[in-house]
Amino acid sequence: MAADASARRQPTFTKIDQLGPGTHGHNLIVKVVDSKMVVQRGREGGPQGRQMRIAECLVGDETGIIVFTARNDQVDVMKPGTTVELRNAKIDMFKGSMRLTVDKWGIVKAAESPAEFTVKEDNNLSLIEFELVTLVE
């Protein structure tokens with residue numbers, strides 16, 4: 001049984017500037033620069049106790065920053081100034097720009113120790129506009 005635990009692969013971590021449109025399976029260590037609640041619906045104890053919260057968070061590392069869309073319980077982790085570990089993150093396109101998200105197959109958790117890097121805020125990947133081009137052969 002101990003062999004299984006040591007055989008488990010260590011995650012390889014990606015940097016923000018390596019992210020691209022439509023990619024997935026990223027593991028990142030990022031600092032939360034800013035967090036804004038954009039949707040808050042429903043309430044605790046309401047019908048089926050359903051509530052929906054979405055926050056747009058600016059996260060980054062020493063290579064750049066990107067908008068991370070946090071949903072529900074993820075919102076509580078994404079506090080400005082905290083270092084967060086994102087597992088199995090993917091890039092969603094929203095109005096031609098990249099958004100980092102983690103769905104039910106990934107993990108959003110506070111990192112065990114604060115990151116030592118300074119966030120490079122002048123390289124915002126979410127400000128780059130992408131255009132879907134259909135190639136005709």
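The model is a predicted one, so local features need pLDDT of at least 70 and side-chain atom pairs count only at pLDDT 80 or more, while totals for chains, interfaces and linings use all residues. Residues are numbered from 1 along each chain as its sequence is written, and side-chain values use heavy atoms, with hydrogens and water left out.

On confidence, pLDDT (the predictor's confidence in each residue, from 0 to 100) has a mean of 88 over the chain, and 88% of the residues reach 70 or more. Helices (H or I, at least four residues) and strands (E, at least two) are DSSP runs, numbered from the N terminus. Where pLDDT is low, the predicted coordinates should not be read in detail.

A salt bridge here is a side-chain nitrogen of Lys or Arg within 4 Å of a carboxyl oxygen of Asp or Glu, and the whole structure holds five of them. One of these joins glutamate 62 to lysine 15, at 2.9 Å from N to O. That pair links distant parts of the chain, 47 residues apart: glutamate 62 is in the loop between strand S2 (51–61) and S3, and lysine 15 in the loop between H1 and strand S1 (24–42). For accessibility, buried means under 20% relative accessible area, exposed over 50% and partly exposed in between (1.4 Å probe, protein chains only). Glutamate 62, at 34%, is therefore partly exposed, and lysine 15, at 30%, is partly exposed too.

Another salt bridge brings together glutamate 56 and arginine 99, at 3.7 Å from N to O. Glutamate 56 belongs to strand S2 and arginine 99 to strand S5 (residues 97–101), so this pair ties together parts that are 43 residues apart in sequence. Glutamate 56 counts as partly exposed at 27%, whereas arginine 99 counts as buried at 12%. Arginine 87 and glutamate 85 also meet in a salt bridge, at 2.5 Å from N to O. Here arginine 87 is partly exposed at 25%, while glutamate 85 is buried at 8%.

Threonine 83 is part of strand S4 (residues 83–94) and counts as buried because its relative accessible area is 8%. Its side chain makes a polar contact (a pair of N or O atoms within 3.5 Å; within protein, one must be able to donate a hydrogen and the other to accept it, and residues adjacent in sequence count only if both atoms are side-chain atoms) with the backbone nitrogen of alanine 115, at 2.9 Å. Leaving aside residues up to four places away in sequence, the contacts of threonine 83 (heavy atoms within 4.5 Å) include Lys31, Ser113 and Ala115. As for lysine 31, its charged end sits over the ring of phenylalanine 117, 5.3 Å from the centre; the criterion is NZ of Lys or CZ of Arg within 6 Å of the ring centre and within 35 degrees of the ring normal.

Backbone angles turn up two asparagines worth a look. Most residues other than glycine have a negative phi. Asparagine 72, in the loop between S3 and helix H2 (73–77), has a positive phi near 50 degrees. Asparagine 88, in strand S4, has a positive phi of about 55 degrees. Asparagine 72 is partly exposed at 30%, and asparagine 88 is partly exposed at 33%.
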